[in-house]
Amino acid sequence: MTTLPNRPNTALLVVDVQNGVVNTSHNRDEVIANINTLIAKARSEAVPVIWVQHSSDELKPDSTPWEYVPELTREATEPLVHKRYGDSFEATDLESVLAERGVGRLVVTGAQTDACIRSTLHGAIVRGYDATLVADAHTTEDLTPYGAPAPQQVIAHTNLYWEWQEAPGRKGGTVTTADVTF
């Protein structure tokens with residue numbers, strides 16, 4: 001349903017599953033296992049897997065916190081998009097990577113739910129993409145000391161509101177790992 005012309009393909013987006021991002025995240029191991037399941041499925045169906053990696057003062061390039069978690073392995077042929085902002089499209093080459101592959105629909109996984117995942121989902125919709133959030137393949141850390149709801153509530157709320165997200169000619173939605181179709 002994307003509004004992007006000649007973009008019939010789907011891609012799996014793996015956002016910021018880095019040591020320094022998910023080391024204390026809610027249901028870390030289960031989320032990473034689900035992402036691995038999705039990566040295997042995407043590869044078996046020749047669906048592009050696009051990796052996004054955040055850099056910041058806390059996530060300095062080539063440092064251990066900046067690296068992807070060891071449980072996930074990127075193949076050399078899979079694009080890696082480097083970013084410095086929450087929205088994976090902002091000041092990156094993600095759009096050109098997706099255009100080269102004819103992608104108009106994204107299946108989104110990763111971290112953090114209330115930051116980069118949320119920003120990327122909204123960034124995708126406003127740019128004309130369909131964007132499906134995998135309900136059990138994203139996570140966030142506990143930010144309750146700063147006034148945020150508990151992580152499970154943040155995740156549940158994001159799944160709830162994204163299920164009904166749409167715009168003219170574009171659709172959001174959520175799905176579980178077991179029910180993902182590419």
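## An exposed aspartate and its partner

Asp29 counts as exposed because its relative accessibility is 51%; exposed means over 50% relative accessible area, buried under 20%, and partly exposed in between, with a 1.4 Å probe and protein chains only. Its salt bridge partner is Arg28, with 2.8 Å between the closest N and O atoms. A salt bridge here is a side-chain nitrogen of Lys or Arg within 4 Å of a carboxyl oxygen of Asp or Glu. Arg28 is buried, at 18% relative accessible area.

This is a predicted model, in which local features need pLDDT of at least 70 and side-chain atom pairs count only at pLDDT 80 or more, while totals for chains, interfaces and linings use all residues. Residues are numbered from 1 along each chain as its sequence is written, and side-chain values use heavy atoms, leaving out hydrogens and water.

## A second bridge from Arg28

Arg28 also meets Glu71 in a salt bridge, again 2.8 Å from N to O. This pair links distant parts of the chain, 43 residues apart: Arg28 lies in helix H2 (residues 28–44), and Glu71 in the loop between strands E2 (49–54) and E3 (80–83). Helices (H or I, at least four residues) and strands (E, at least two) are DSSP runs, numbered from the N terminus. Glu71 is partly exposed, at 36%.

## Another pair, and the total

Which residue does Glu90 meet in a salt bridge? The partner is Arg127, at 3.6 Å from N to O. Glu90 is partly exposed at 38%, and Arg127 is partly exposed at 30%. Elsewhere, shared partners join Arg28, Asp29 and Glu71 into one network. The whole structure holds 9 salt bridges.
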